[in-house]
Amino acid sequence: MVIVYFIADPSRVFQQEPEEKENSAMSELALSLPMFKAAKAGGFAIPALNCNGNIITDAVVEAADLRRSPLVAQASQGAIKHAGQGDLVRGTEMIVAMTQAATIGRPGVKVALNIDHGSSVVQNALCFRKGFTMLMIDRSKEPLDVNIADSRRIVQMAASVPGIAVEVEVGRIGAVGDSTEPGVAIAEMKKHWTKPEELAQLAKESGAHLFATAVGQIHGCREKIAELDFDLFRQCIQAVAVVRDPTETGFVLHGASGVPDGDIRRAIEECGVVKINVDTMLRKAYIEAFEKFQSEYPASHDGMPNIDQRKPEQAGHDAVVKVACYLMDLFGSSGKADLC
Ligand SMILES: [Zn+2]
């Protein structure tokens, strides 16, 4: 049996860079604010893709490289906990290291790192100190005055490093599991959708750059069945425009896995959405490809059960690259890395 190894860029093996530090393989993560300014000016949205584990992280960064697209890699509180095996400090460091590692050998790739739905001031501060280049403080479950106060603290902290965008949220985005009856679930979700006047107050008093609104999306949705309420979305935009310079702010679309492509394009073109979050679609693509491989190739060449997990993982990885490339084309971010 002949085993063939290859190196994508053999010249890298012989490069001598004596003056560089010992950890020079770890490249810098990109600042996030320039990405959103470029997206606003250029009429496209930055894909914000959730990185659960090193394989998905590597796959979405590979897609960013293939498409020359800017990328926000993001980790939820759950992903940080998972990465650190329960230790949040270690998990935060692991996420930074995994994201940086995914950029190795991909010069020119622009990857910012965000905490998705960071639910505490402490976790946001930890991410900031460890090298995240974007923050999201989501205190939408708290009373508005608490949400505003905590959001303002994070904005003030992040301001010490120019180029770090801060996202905040008001209203509650629906989630799969809110109710088993679709009619009841929608009625229940609507009660918690963003109220434009609350959003305007949060925008004015927090000074945040980006706003996550609840306008009909559903977190964790495996099918594209969510319907955005564009009237409410427009009211939110107008309310913020009264209190803040629209060139300094932008909107984020969460739960995009459940939003039909046509509504996603409208959100970019009509509502100026500059960041679109996708998690469920990536997980689904990964797990389906993994399981398909295992069911098609249950045994290895010697007839024993296939225990080489690298092969189904590779299938999962390839499926995620494909979905991420598709999203970058849909969001209009393909070919825009150099603008950020
Ligand atoms: Zn979300």
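## A pair of crossing helices

Helix α3 passes helix α5 in a right-handed crossing, meaning that the near helix is turned clockwise from the far one by less than a right angle. This is a predicted model, in which local features need pLDDT of at least 70 and side-chain atom pairs count only at pLDDT 80 or more, while totals for chains, interfaces and linings use all residues. Residues are numbered from 1 along each chain as its sequence is written.

To find the pair, look for α3 at residues 54-67 and α5 at residues 88-102. Their axes come within 9 Å and cross at roughly 40 degrees; these axes are lines fitted to C-alpha atoms over the stretch in contact, with angles from 0 to 180 degrees between N-to-C directions. The two helices are therefore oblique to each other, the word for angles that are not under 35 degrees (roughly parallel), over 145 (roughly antiparallel) or 65 to 115 (roughly perpendicular). Where they meet, α3 brings N54, T57, D58 and V61, and α5 brings M98, T99 and A102. Contact here means C-beta atoms, placed from the backbone, within 7 Å.

## The chain as a whole

Stepping back, the chain has 13 helices and 10 strands, which are DSSP runs numbered from the N terminus (helices H or I, at least four residues; strands E, at least two). Of its 340 residues, 46% are buried. A residue is buried if 20 or more other C-beta atoms lie within 10 Å of its own, exposed if 12 or fewer, and partly exposed in between, with C-beta atoms placed from the backbone. Among contacts with a separation of 6 or more, 69% join residues 24 or more positions apart.

Next comes α10, a helix of 14 residues at 230-243. From first C-alpha to last it reaches 21 Å, close to the 20 Å expected, a span worked out as 1.5 Å times one less than the number of residues. Its buried residues are F233, C236, I237, A239 and V240. Seen down the axis of α10, they fall within an arc of 160 degrees, so they line one face of the helix; the arc is taken from the directions from the helix axis to the C-beta atoms.

Covering those buried residues are elements including α9 (196-206), β7 (210-213), β9 (250-253) and α11 (261-271). On the other side of α10, D231, Q238 and V242 are exposed.

## L339, after α13

Finally, find L339 in the segment after α13 (310-331). L339 is partly exposed, with 16 other C-beta atoms within 10 Å. Its C-alpha atom is separated by 9.5 Å from that of K37, 302 residues away along the chain. Leaving aside neighbours within four places in sequence, L339 is in contact with A38 and G42.

Methods. Two residues are in contact if their C-beta atoms, placed from the backbone, lie within 7 Å.
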